[in-house]
Amino acid sequence: MEKFKLLNGVEMPKVGLGTYLIDNKILPVTLMDAYELGYRKFDTAWRYKNEKVITKTFFKDNGLKREDIFITTKVNSSGMFLFGWHGYSDWVHRTANIRYRTVKQAIEVSFKNLGLDYIDLFLVHAVCPWYLEMYEVLTRMYHQGRIRAIGVSSFLPPHIESLKEVSDVVPMVNQFEISPLNTQKDLIKYCQDKGIVPEAMSTLSHYHSNEVRKEIIENEIIINIAEKMDKSPAQIVWRWLYQQGVSLIPKTWNREHLKENISIFDFELSTENMKAIDSLDKGEFLNYNIYSKLQYLPEKYKGWKDFKNKNSGK
């Protein structure tokens, strides 16, 4: 498996498996199928409620070596509040600011769930009122050696720049939505110029659903390229991302699709094909619009304009 070398020298596989919404009853089989096919990076989070299943499957049930598995997890604001209700946390922040757990305690829950001495990559799951505090605590744990690399998810440049207020560590990964309908060229370039690896999420399905986005896999341009190269539409999309230097974590529990998603290294898209896929861009967010999170910036960073020098209306 090819790897990215992160800013601190840690090596991260370029392709991994996303695990959100895979039923925990079938997840163990999926994980071992993926491992047998060559996957070594696995993406989870406290909010996915599968951290325990992942490490139990690999290390307790199948005796794999810790160093052979790269595990990403994330701290989410919902983990600090009762019931873990998404949205409840922001409501509490605006009223009483009463937390069920501190940021550190929320992070420690993932350590307990995973049962590991160290975690390979720990992300701030999304911009929220506590994102600076989250990154500050992750930085301390990084310096303590408990986390090999730290990063963020769905962060824009001003959010990343503001991290300097609490940390001396540049995030090593920024995981955000990238698809042919939302190519995010400017954000990808910004990250790569900073040495931050962009990682694509929600490319072919909504993060709240397992339904495949037909408007992408049934797109005439993508289908035509796939037919000419004797590849599937999904493989064309993954290769399009790969050739841009983007990390991949496609989700599936189907063994054939697992094999398909990782079999993208034996062909190359032409410049013409890459531009054809780029032309599908609509700036269309399938998930929440990350520009809506500018409200949580410290005051000195709120003057940021988007990549087109005006506040985004996407």
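Predicted model: local features only at pLDDT ≥ 70, side-chain atom pairs only at ≥ 80, totals over all residues.
Next I looked for the buried residues of helix 9, which spans residues 220-229, and got Ile222, Ile225 and Ala226. Why do I say they line one face of the helix? Looking down the axis of helix 9, I see its buried residues fall within an arc of 100 degrees, so one face it is. Then I checked what covers those buried residues, and the list includes helix 8 (214-217), helix 10 (233-242) and helix 12 (271-278).

On to the ends of helix 9. At its start, I found a side-chain oxygen of asparagine 219 within 2.9 Å of the backbone nitrogen of isoleucine 221. After the helix comes aspartate 230, with a positive phi near 55 degrees.

Aspartate 230 is not a glycine, yet its phi is positive. I placed aspartate 230 in the loop between helix 9 and helix 10. Is aspartate 230 buried or exposed? I have aspartate 230 down as exposed, because its relative accessible area is 71%, and the cut-off for exposed is over 50%.

I also looked up serine 202, another non-glycine with a positive phi, near 50 degrees. Serine 202 sits in the loop between strand 9 (197-201) and helix 8. Its relative accessible area is 12%, under the 20% cut-off, so I logged serine 202 as buried.

How values were computed. Residues numbered from 1 in each chain as written. Heavy atoms only, no water. Buried < 20%, exposed > 50% of the residue type's maximum accessible area, 1.4 Å probe, protein only. Helix = DSSP H or I, 4+ residues; strand = E, 2+ residues; numbered from the N terminus. Arc of directions from axis to C-beta. Contact = heavy atoms within 4.5 Å. Polar contact = N/O pair within 3.5 Å; in protein donor to acceptor, adjacent residues only side chain to side chain.
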